[in-house]
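Welcome! Take a moment to look it over before reading on.

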Amino acid sequence: MLSKFEYYKPDSLEKALSYLEENPGTRILAGGTDLMILLRRNVEICDHLLDIKGIPETRIKSYSPEEGLFIGASITVNEICEDDEIRKMFPALSEAADNLASYQIRNRATLVGNICNASPGADLAAPLLVYDAKVHVVSLKGKRVVDIKEFFTGVKQTVLEENEIVVGVTLPAVEAGDTSVYLRKSRIKGHDLCNVGLALRLTSEKKLLMAIAAVAKTPLRLTELEKSVEGKEITPELAEWISEEIKNYMSPRPNSVRSSAEYRYHIAGVLVKRGLKKLIEKEAN
Amino acid sequence: MCNHNKERSCFEYVDSQLPRVPLELVVNGEKVYELIDPTMTLLDFLRHNLKLFGAKEGCGEGECGACTVIMNNRTVNSCLVLAVEAQGAEILTVEGLSKDGELSILQQEFIKYDALQCGFCTPGMLMSARALLDRNPNPTIEEVKEAISGNFCRCTGYESIINAVLSAAKREREELR
């Protein structure tokens, strides 16, 4: 590692924000499962490393019917997998968490880190998109709440400024009868990045919400497609129609090492049909 | 020579020469206090400073699991954890599995089932298996597979490893209760 960084682990948000303000170019460290690789490969050289795991606000995981589910920036993916309440209320989130990397990585990787890293194929992005998650961002200037739909701006790019920290995300509470699924296709079952990740949610008012990852520069919420199927009953014919229509929203890279664009177009359609079937089955139970 | 940095093998530990920082932690039940390089990984610290050569560096990027150790009852890829992040932590490495010169049940079953060929993945496999049996004394085959999903065996002897873990689970349930 060529980086010669100062490591700083503050015990309060205020200290962390001041440090960020005083030291431009600081990299924020949570689980480190993405950042450490960049540093060790010398893809990135940094002078300041800010470990946020000591900040009390980032350690919070809480739920209330008014506030919804809050997941702090230090909450690991396995902490989400192991939470039965989350699995009951936000099944797509748990299913995506189950599929992220390997067991050891999930012990360190965080949900907030997954979205801040902003990989187009971030597994946890699609479920957050269908649950209209809100990203809580703070800096010395104050707080702002960013809708997850506005959060990603490009490959590995977000709306975050250099002096800002994401403290956590909230998922608005769901009503009884709300259900969701997450499906992914990767080359191997197990530790691999996804070729396509798809989250489908059926709300208690029978509205179908859809988000897809790894098929464009950012994970996508398919709001237009949702509008065009609003009020329609989910039938095999509709599933067939969506599985074709969804391709108009995709722009996969032609030269990815993981799969060809044609394959992604095809498999997205397959996942839509499988996902809708699972969703209907879940709803019936 | 690695592909990522033409000048220097980037995964080889190189002292940053930065001012030392204090690190206090417990490794295999023993308190350790050292002044360390803030840029070294937990794996570098275990191998370089403590001369615990059980945990291996395979890929250096969290893919292979050869560096797996247990940190505060959770398996981690020690190549992706900075040593300074382990401040106050309790670390268990493969060297801490045996007691008074006697191999643990898990290690005995690995030998009985020939669950090692070249042996490079074995310390990591053992730690992932140990953490599994600690949280789930009666795992199914699927749960064992899931638990070692982050550990590669390039000799591909997975079958024997899974059988060894299942057998160790059975023996531990019978003998340690």
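## Where two helices meet

Let's begin in chain B, where B:Leu106, B:Gln107 and B:Phe110 of helix H2(B) meet B:Thr122, B:Leu126, B:Ala129 and B:Arg130 of helix H3(B). By type, the residues of this contact of H2(B) with H3(B) are four nonpolar, two polar and one charged. Please keep in mind as you explore that the model is predicted.

How are the two helices set against each other? Helix H2 of chain B covers residues 105–112 and helix H3 of chain B covers residues 122–135; they pack at an angle of about 130°, and their axes are 10 Å apart. H2(B) is therefore oblique to H3(B). The crossing in which H2(B) passes H3(B) is right-handed.

## Chain B as a whole

Stepping back, you can find five helices and five strands in chain B. Starting at the N terminus, its elements follow the order β-β-α-β-β-β-α-α-α-α.

What about the overall dimensions? Along the principal axes, the C-alpha atoms of chain B fill a box of roughly 50 × 35 × 25 Å. A compact globule of 177 residues would have a radius of gyration near 16 Å, so the 17 Å of chain B agrees with that.

## Two domains in chain B

Chain B is split into domain 1, spanning 21–96, and domain 2, spanning 105–175. Their C-alpha centres lie 21 Å apart. Where the two domains of chain B touch, 15 residues come from domain 1 and 13 residues from domain 2.

The largest share comes from E3(B), with three residues. Sorted by type, the residues on this side of domain 1 of chain B are seven nonpolar, six polar and two charged.

## Three domains in chain A

Now over to chain A, where the domain assignment gives domain 1 (6–54), domain 2 (56–171) and domain 3 (179–284). Between domain 1 and domain 2 of chain A, the C-alpha centres lie 18 Å apart. Here 15 residues of domain 1 of chain A are in contact with 18 residues of domain 2 of chain A.

Which helix gives the most to the side of domain 1 of chain A that touches domain 2 of chain A? That is helix H1 of chain A, residues 13–22, with six residues. On this side of domain 1 of chain A there are eight nonpolar, four polar and three charged residues.

## Where the chains touch

Finally, let's see how the two chains come together. In this contact, 21 residues of chain A meet 28 residues of chain B. On the side of chain A that touches chain B, the elements giving two or more residues are helix H2 (35–40) and helix H6 (103–108) of chain A. H6(A) gives the most to this side, with five residues.

What kinds of residues does chain A bring to chain B? The side of chain A that touches chain B divides into seven nonpolar, nine polar and five charged residues.

Key: Residues numbered from 1 in each chain as written. Chains lettered and ligands numbered in written order. Predicted model: local features only at pLDDT ≥ 70, side-chain atom pairs only at ≥ 80, totals over all residues. Domains from an automatic or database assignment. Contact = placed C-beta atoms within 7 Å. Helix = DSSP H or I, 4+ residues; strand = E, 2+ residues; numbered from the N terminus. Nonpolar A, V, L, I, M, F, W, Y, C, P; charged D, E, K, R; others polar. Axes fitted to C-alpha atoms, helices over the stretch in contact; angles between N-to-C directions. Parallel < 35°, antiparallel > 145°, perpendicular 65-115°, else oblique. Left-handed = near helix turned anticlockwise from the far one by under 90°. Rg over C-alpha atoms; globule rule 2.2 N^0.38 Å.
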